[in-house]
Amino acid sequence: MDADVLVRDYLGRLEAAAAVLPADRRAELTAEVREHINAALADAGQSDEATARNILERLGSPDEIVAAEARHGGLPVGPAVASAVEAPSTGSRWGAVEITAVVLLCLAWPARYLPFGLFLWLACTMIGLVLVWASSAWTTRRKLTATTCVIALYLLAILLTAPVTVQCTTGSQSQPCPPGGPSPVITGS
Amino acid sequence: MHGMVAGETRDPLTELRRGVLEHCVLALMRHKEAYAYDIVRALSDAGGLVTSEGTIYPLLSRLRRDGLVETTWRESESGPPRRYYRLTSHGQRTLDAFVEDWTRFRDAVDAVLVE
């Protein structure tokens, strides 16, 4: 391959890689590198393929040069830089999914006292938990914690309310259940 | 300022080189104005202070933006006009401060390593 073709190809790839730079800086950078190559060829005193290849190798890849431009703040809003900066914050920011999940899970238990309470309770819980697991803002650890908490709270609530009804229906008929519900210890004795 | 990617292995020499390179560039134009190509060659010849020569151009661009260096265009016998670099007074002060810091740092590291 001809030295000219090698150089032209290299500069073409540099221009493509530098597409993320502001137009004036891209033109300047390409001109600087072109000038460097010409100076190096003049310095070497020959312009055969091997010489050109050696000069381009020493320059480094076009991507490396553009990465250096980003490192030195030459990119006003580089895509790589911007995503690196934003990634951690979007990871914990609440969106519609997260808010809906929390609202549904909070409403699930009170919904039991509405008409179709059992259905509403189950539906709110199921949809809420599905949304929790669909969230991209929460880590798997948090999702597991949330699910465990919901199930544990329901189990606790069922355990606390179930004995009252059991004790009252099987308890002494002369003593009706008070509105607050007697404690199992008292009714059982 | 440079974000560290988790799990990425960092070569201490690469980090050191990045840290001192801009001051070496400043030092190369301390006594007289310098042509970018000559700066790059001098760094390359000085025991590989730069591995990818092309990355010096983004660095020079930043030094211009930061007001540490200024440039003048001069006619050349061969080809288009060339840009020559020299230190501004801000660049000179930055370099002087670095030389002092570096000497202290180098002595401290040497003292520990040689023990």
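Student: What is the mean pLDDT of chain B?
Tutor: This is a predicted model, where local features need pLDDT of at least 70, side-chain atom pairs count only at pLDDT 80 or more, and totals for chains, interfaces and linings use all residues. Residues are numbered from 1 along each chain as its sequence is written, and chains are lettered from A and ligands numbered from 1 in the order in which they are written. pLDDT is the predictor's confidence in each residue, from 0 to 100. In chain B, 91% of the residues reach 70 or more, and the mean is 89.

Student: Over which residues of chain B does pLDDT stay under 50?
Tutor: Check the contacts there too (two residues are in contact if their C-beta atoms, placed from the backbone, lie within 7 Å). The model has 2 contacts beyond four places in sequence for this stretch of chain B, which is residues 1-7.

Student: In what order do the elements of chain B run from the N terminus on?
Tutor: Helices (H or I, at least four residues) and strands (E, at least two) are DSSP runs, numbered from the N terminus. Chain B has 4 helices and 3 strands. Its elements run α-β-α-α-β-β-α.

Student: Which element gives the most to the side of chain B that touches chain A?
Tutor: The contact takes 20 residues from chain A and 17 from chain B. On the chain B side, α2 (36-45) and α3 (56-65) of chain B are the elements that give two or more residues. With 5 residues, the one that gives the most is α3(B).

Student: Over to chain A: why do the buried residues of α1(A) line one face, and within what arc do they fall?
Tutor: A residue is buried if 20 or more other C-beta atoms lie within 10 Å of its own, exposed if 12 or fewer, and partly exposed in between, with C-beta atoms placed from the backbone. In α1(A), the buried ones are A:Val7, A:Tyr10 and A:Leu14. An α-helix has 3.6 residues a turn, so residues three or four places apart point the same way. Taking directions from the helix axis to the C-beta atoms, the buried residues of α1(A) line one face because they fall within an arc of 65 degrees.

Student: How far apart are the end C-alpha atoms of α7(A)?
Tutor: The expected span of a helix is 1.5 Å times one less than its number of residues. The 18 residues of α7(A) (residues 117-134) should therefore span 26 Å, which agrees with the distance between its end C-alpha atoms, 25 Å.

Student: Is A:Phe116 buried or exposed?
Tutor: A:Phe116 is found in the loop between α6 (96-108) and α7 of chain A. Its phi is near 60 degrees, a positive value in a residue other than glycine. With 10 other C-beta atoms within 10 Å, A:Phe116 is exposed.
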